[in-house]
Amino acid sequence: MKILVTGTSGQLARSLAERAPGKADIVLVGRPDLDLEDPTTFAPVLNSVAPDMVINAAAHTGVDQQEDEPERAFRINAEAPAELARLTRLAGIPIVQVSTDYVFDGRLERPYVEADIPNPLTVYGRSKLAGEEAVRAGNPDHLVVRTAWVISCHGRNFVKTMLSLAATRDRLQVVADQFGNPTEAHDLADGLLAAAATWQKRRGFPQGLYHLAGRGRASWYDLAAHIFDVSASLGGPSAFVEPVGSDQWPAKAARPANSQLNSEAFARDFNYRAGEWRERVGALVTELTGSTHR
């Protein structure tokens, strides 16, 4: 099964390429060959690659930056998925759109399920929700997968930022009143590959919308503290973490207070669960700390 994945350097795209051998043939395509800001590049790439499925793993994810450039955010996160959905429908192949917990306002105290009504607080959340809706409308053979707090050894993410800061600082302030599910990118990749295998077997997805995130609840403070506990035990960088409230850490774009996603529907239909976040973060910090000490 050949899967075209948008983006070449993103956490998910690179993780899919690493996890796919023996499961699927992954073709990563990004700029300039496929530019999400230039829809005229889409059809030539699809015709050249001739994939059995498209996974749109690329996006404009600069949450604060997008508050200043909403047109670009919607061009990349909504209009590009709409055109990809139209072209994949014409080609008779399915499309998988990766979305985000930011489509919710974070006011619920329990983990969000797929049936909960979105209410995004930011340009990022609104543009990603528009992308979801465009994919659903553009190609009936679709899968929308929302995830949250993605971390990996690739790209920029919270774990790598914390370790980098701890190399030069003894003390850090980290928000303790925002909660979510840290998700290791390899787990997300494995889940999408499981979904692709299901589609290949059934020629269809059981339902169009799912949540897939790591197991267990954490605040950013919890996550930072665990990162440094593991790193310190390995002789890596560590810092004292001071918990602070969101009001002490103002940002241009509002963050959901609760980003937890319930992934039971995905586990039921694709027989796959992401790992427990502490275990996954421990393994990731071990890998990153080892690489910096070689």
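**Figure 1. Lining of the second largest pocket.** Six nonpolar, six polar and three charged residues make up the lining of the second largest pocket. Ala, Val, Leu, Ile, Met, Phe, Trp, Tyr, Cys and Pro count here as nonpolar, Asp, Glu, Lys and Arg as charged, and the others, Gly among them, as polar. The model is predicted: local features need pLDDT of at least 70 and side-chain atom pairs count only at pLDDT 80 or more, whereas totals for chains, interfaces and linings use all residues. Residues are numbered from 1 along each chain as its sequence is written, and side-chain values use heavy atoms, with hydrogens and water left out. Of the 15 residues that line the second largest pocket, G214, R215, L261, S263 and E264 lie nearest its centre. The space in this pocket is about 160 Å³. A pocket is an open set of points, on a 1 Å grid over the protein atoms alone, with protein on both sides within 12 Å along at least five of seven lines; lining residues have an atom within 4 Å of a point. Grid points are joined across faces, edges and corners, and a volume is the space filled by probe spheres set on the points.

**Figure 2. The largest cavity.** A cavity is a set of grid points where a 1.4 Å probe fits but cannot get out. One cavity of 30 Å³ or more is counted by this rule. The largest cavity has a volume of about 30 Å³, and its lining consists of Y102, W149, Q178, W220, R255, P256 and S259. By class, four of these lining residues are nonpolar, two are polar and one is charged.

Figure 3. Six strands with parallel pairing form an open sheet in the order β2-β1-β3-β4-β5-β10. β2 (25-29) and β10 (209-211) are the edge strands, each with a single partner, so one side of each has no neighbour in the sheet. From one strand to the next the twist averages 20 degrees. Strands (E, at least two residues) and helices (H or I, at least four) are DSSP runs numbered from the N terminus, and two strands pair if DSSP finds at least two bridges between them. The parallel strands β4 (residues 95-100) and β5 (residues 142-147) are joined by six bridges; S99 has R146 as its bridge partner in β5. Helix α2 (residues 42-49) packs on the sheet, where it touches β1 (2-6), β2 and β3 (53-56), and its direction makes about 155 degrees with that of β1. Helix α5 (residues 123-138) also packs on the sheet, touching β4, β5 and β10, with a direction at about 160 degrees to that of β4. Contact means heavy atoms within 4.5 Å. Axes are lines fitted to C-alpha atoms, for helices over the stretch in contact, and angles run from 0 to 180 degrees between N-to-C directions.

**Figure 4. Packing of α1 against α7.** Helix α1 (residues 11-19) packs with helix α7 (residues 185-202) at an angle of about 65 degrees, and their axes are 8 Å apart. Q11, L12, S15, L16, E18 and R19 of α1 make the contact with A185, H186, L188, A189, D190, L192 and L193 of α7. Seven nonpolar, three polar and three charged residues take part in this contact.

Figure 5. R31 and P32 are joined by a cis peptide bond with omega about 0 degrees; P32 is in the loop between β2 and α2. A50, a residue other than glycine, has a positive phi near 50 degrees and is placed in the loop between α2 and β3. For N271, also not a glycine, phi is positive and near 55 degrees. N271 lies in the loop between α9 (264-270) and α10 (277-292).
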